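Visitor: Could you walk me through this one slowly? I am new to reading structures.
Guide: Gladly, just ask as you go.

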Amino acid sequence: MPEDADTEHPKVKELHELLAWSEGMVWCSPERHGSMSSIFKSQIDWIPLAGGAIRATQGKTLALMQVSGGSQSFNSLNQMRILGRWMRMITIPNQSSIPKAFLEFEEDGRMKPSAFYDRIVDVMEELFKFTLLTRGQSKYLTDRYSERKESAEELSKRVNQRSL
């Protein structure tokens, strides 16, 4: 659970290292009682909010998917999209929702050929394309006037304090 262990825990460190390494992410959650699973949300809550003024996720691309045991819904996708936007991620327009997921997989866990499978491939291709389009542009795409202004004010305060 979030904050149930120290940030030096090996799995927390691994998550943070993978986050720093990645250019994009795929989030997939089952829909449980009309929302993303608490386990998935707990994983997101381990992602640090900021390193200075920059969020660890800022400028990274994001693809969203969900599976449901019942009829098709988009609640988890909508919640994850809100989280991605709040975390300043570039969330691609395409997404995947698989209703009655228990019917869509073989005994060995592999997904059966279907329109749902094709949609997942479409989503992954789109994530790849958006990641290539934004590669090397993160600093530009995440540059914000308010943060530049705040940094300039902080620098001005430090200069004024030194001159006293």
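Visitor: Which residue does Glu23 form a salt bridge with?
Guide: Glu23 forms a salt bridge with Arg135, and their closest N and O atoms are 2.8 Å apart. The term stands for a side-chain nitrogen of Lys or Arg within 4 Å of a carboxyl oxygen of Asp or Glu. This pair links distant parts of the chain, since Glu23 is in the loop between helix 1 (10-21) and strand 1 while Arg135 is in the loop between helix 4 (115-134) and helix 5 (138-141), 112 residues apart. Helices (H or I, at least four residues) and strands (E, at least two) are DSSP runs, numbered from the N terminus.

Visitor: What kind of model is this, and how are residues numbered?
Guide: It is a predicted model, where local features need pLDDT of at least 70 and side-chain atom pairs count only at pLDDT 80 or more, while totals for chains, interfaces and linings use all residues. Residues are numbered from 1 along each chain as its sequence is written, and side-chain values use heavy atoms, with hydrogens and water left out.

Visitor: How many salt bridges are there in the whole structure?
Guide: A search of the whole structure finds seven salt bridges. One of them joins Glu8 to Lys13, with the closest N and O atoms 3.6 Å apart, and another joins the side chains of Glu147 and Arg144, also listed at 3.6 Å from N to O. Salt bridges that share partners join Arg88, Arg144 and Glu147 into one network.

Visitor: Is Glu147 buried or exposed?
Guide: Glu147 is buried, with a relative accessible area of 15%, whereas Arg144 is partly exposed at 34%. Buried means under 20% relative accessible area, exposed means over 50%, and partly exposed is in between (1.4 Å probe, protein chains only). Glu8 counts as exposed at 53%.

Visitor: Switching topic, what is the order of the strands in the sheet?
Guide: The sheet is open and has four strands in the order 2-1-3-4, with mixed pairing. Strand 2 (35-36) and strand 4 (90-98) stand at the edges with a single partner strand each, so one side of each is left without a neighbour in the sheet. Two strands pair if DSSP finds at least two bridges between them.

Visitor: And what does strand 1 pair with?
Guide: Strand 1 (residues 24-32) pairs with strand 2 in the antiparallel sense over two bridges, and Glu31 stands opposite Met36 there. Seven bridges join strand 1 to strand 3, and these two run parallel, with Cys28 opposite Met65 in strand 3. In the hairpin of strand 1 and strand 2, which has two residues between the strands, His33 takes a positive phi near 50°.

Visitor: How many aromatic pairs are there?
Guide: The count comes to one aromatic pair, where rings of Phe, Tyr and Trp (its six-membered ring) pair if their centres lie within 6.5 Å, and planes under 30 degrees apart count as stacked, over 60 as edge-to-face and the rest as tilted. The rings of Trp27 and Phe40 have centres 5.8 Å apart and planes at 70°, so the pair is edge-to-face.

Visitor: Where do Trp27 and Phe40 lie?
Guide: Trp27 lies in strand 1 and Phe40 in helix 2 (residues 38-45), so the pair ties together parts that are 13 residues apart in sequence. Both Trp27 and Phe40 are buried.
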